[in-house]
Amino acid sequence: MISLEDAREFVLDRISSLSAVEVPIAEADAMVLADAVVATEQVPPFANTAMDGFAVRSADTTDVPVVLDMVGTVAAGSTFEGTLEAGQAIRIMTGAPMPAGADAVVMVERTVLAADEQSVEIEITVPVGNHVRGAGEDVQPGDVLFPAATLLTPGHLGVLASVGVRAVEVIRRPRVGVISTGDELVDDDRPLMPGEIRDSNRHTLLALVAASGCEAVDLGIAVDDPDLIRRAFLDGAETCDAILSSGGVSMGAFDYVKVVLDEIGDMRWMQVAIKPAKPFAFGLIGDVPVFGLPGNPVSSMVSFELFARPSLEIMAGQPRSPLPIVAAIADDSLSHSADGKTHFLRVMGRVEADGRWHVSRAGGQGSHQLTAMARADALAVSADGAVIEPGDEVGILVLG
Ligand code: AMP
Ligand code: MG
């Protein structure tokens, strides 16, 4: 058996970032910048008011209360033509440009507008710049807004839009093909014949791929026939950036997947010291990474989390990072007797009132018992022979 750390290192050492493309910002969420973005516009583009109120000259508010002549109104999106003179006020709405001559804003709550709207009483003294948002206070032309390798989030997209950037250079979204292997698999609603089961892995894996920000490509079921398996994998290698297959990586006598992949790819077959998901294969067909995930449904999902997800993140331009394991409190016993493996137990849990994750077993822990995995919020990491009793701390890998 190979340790999980060694297996991950073997895989991640062979993964690299894809090439860059230009995409409209509307499509760039969760993608990674290939180049730094430099601002060519300032934000805010002009001095404007942060409050609804009255634009005034600060010097007019030294002795209050004071009554000023109302000479106009300016709303967001319009401008005041002319200059505010001493003794005058202009009604102004949040976001509207500061009129020439005005240097402060008095919030509407500290004013009394005359019934004829010809004058306004100002109740407080305000300093120069009061409630004024200066031009360029957030962004200056020439500012490096975001460096290369920034993972774009909704906030980033808003900033890009605010400076007039319509498209960005980002790392391409990986196209990831998903193949199921096995003679027993059925993917329609007909009654099962003896020995048949329904293909669940492909549906799970396609959704996991899509949820991790990649383009999921359904490559179908390759039945246990060498020619069909070869064609499915070669098709995938031609049209995709990576392939995930499930099944056929264990010791089964009819697993042609192994034979075919060894013929068309450069594969390493592993027995990883973990439970579930011990059998795992990784290799390259040409330069396309192939992840041979185990067939058992829970195992294929766990294997995806440990090997495929971090690889797809690197392909999409994200940095290589350790497994994001966080501390939780075990509400159940998560102990297991020594068998040479680290166990990834399916647990339900959430952040409780004490501000910490609390987890308990999500149900049957067999690698075929997908319901517990579906219910699980996290995988609890139970080291070989670990004693983890209720109230003890345990590391968990939170599932998306
Ligand atoms: P294998 O790795 O091909 O030996 O398969 C291990 C177990 O997983 C067997 O019980 C298979 O029937 C099951 N299995 C393989 N592929 C799938 C799949 N796509 N959906 C559900 N179960 C599967
Ligand atoms: Mg099989």
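**Salt bridges, one pair at a time**

Tutor: Let us begin with E305 and R309, which form a salt bridge whose closest N and O atoms are 2.8 Å apart; the term stands for a side-chain nitrogen of Lys or Arg within 4 Å of a carboxyl oxygen of Asp or Glu. The model is a predicted one, in which local features need pLDDT of at least 70 and side-chain atom pairs count only at pLDDT 80 or more, while totals for chains, interfaces and linings use all residues. Side-chain values rest on heavy atoms, with hydrogens and water left out, residues are numbered from 1 along each chain as its sequence is written, and chains are lettered from A and ligands numbered from 1 in the order in which they are written.

E305 and R309 are four residues apart in helix α6, and are therefore separated by about one helical turn; helices (H or I, at least four residues) and strands (E, at least two) are DSSP runs, numbered from the N terminus. An α-helix has 3.6 residues a turn, so residues three or four places apart point the same way. Both partners are buried, E305 at 8% relative accessibility and R309 with a relative accessible area of 18%, where buried means under 20%, exposed over 50%, and partly exposed in between, for a 1.4 Å probe and protein chains only.

A search of the whole structure finds 15 salt bridges, and among them is the one in which the side chains of R230 and E263 meet, at 2.7 Å from N to O. R230 lies in helix α4 (residues 226-239) and E263 in helix α5 (residues 256-264), so this pair ties together parts that are 33 residues apart in sequence. R230 counts as partly exposed at 23% relative accessibility, and E263 is also partly exposed, with a relative accessible area of 48%.

Another salt bridge joins R356 to E393, with the closest N and O atoms 2.8 Å apart. Since R356 lies in the loop between β23 (342-351) and β24 (357-361), and E393 in strand β26 (residues 393-398), the pair ties together parts that are 37 residues apart in sequence. R356 is partly exposed, its relative accessible area being 31%.

Finally, salt bridges that share partners join D187, D199, R202 and D218 into one network. Of these residues, R202 belongs to helix α3 (residues 201-211), where the buried residues include R202, T204 and L205.
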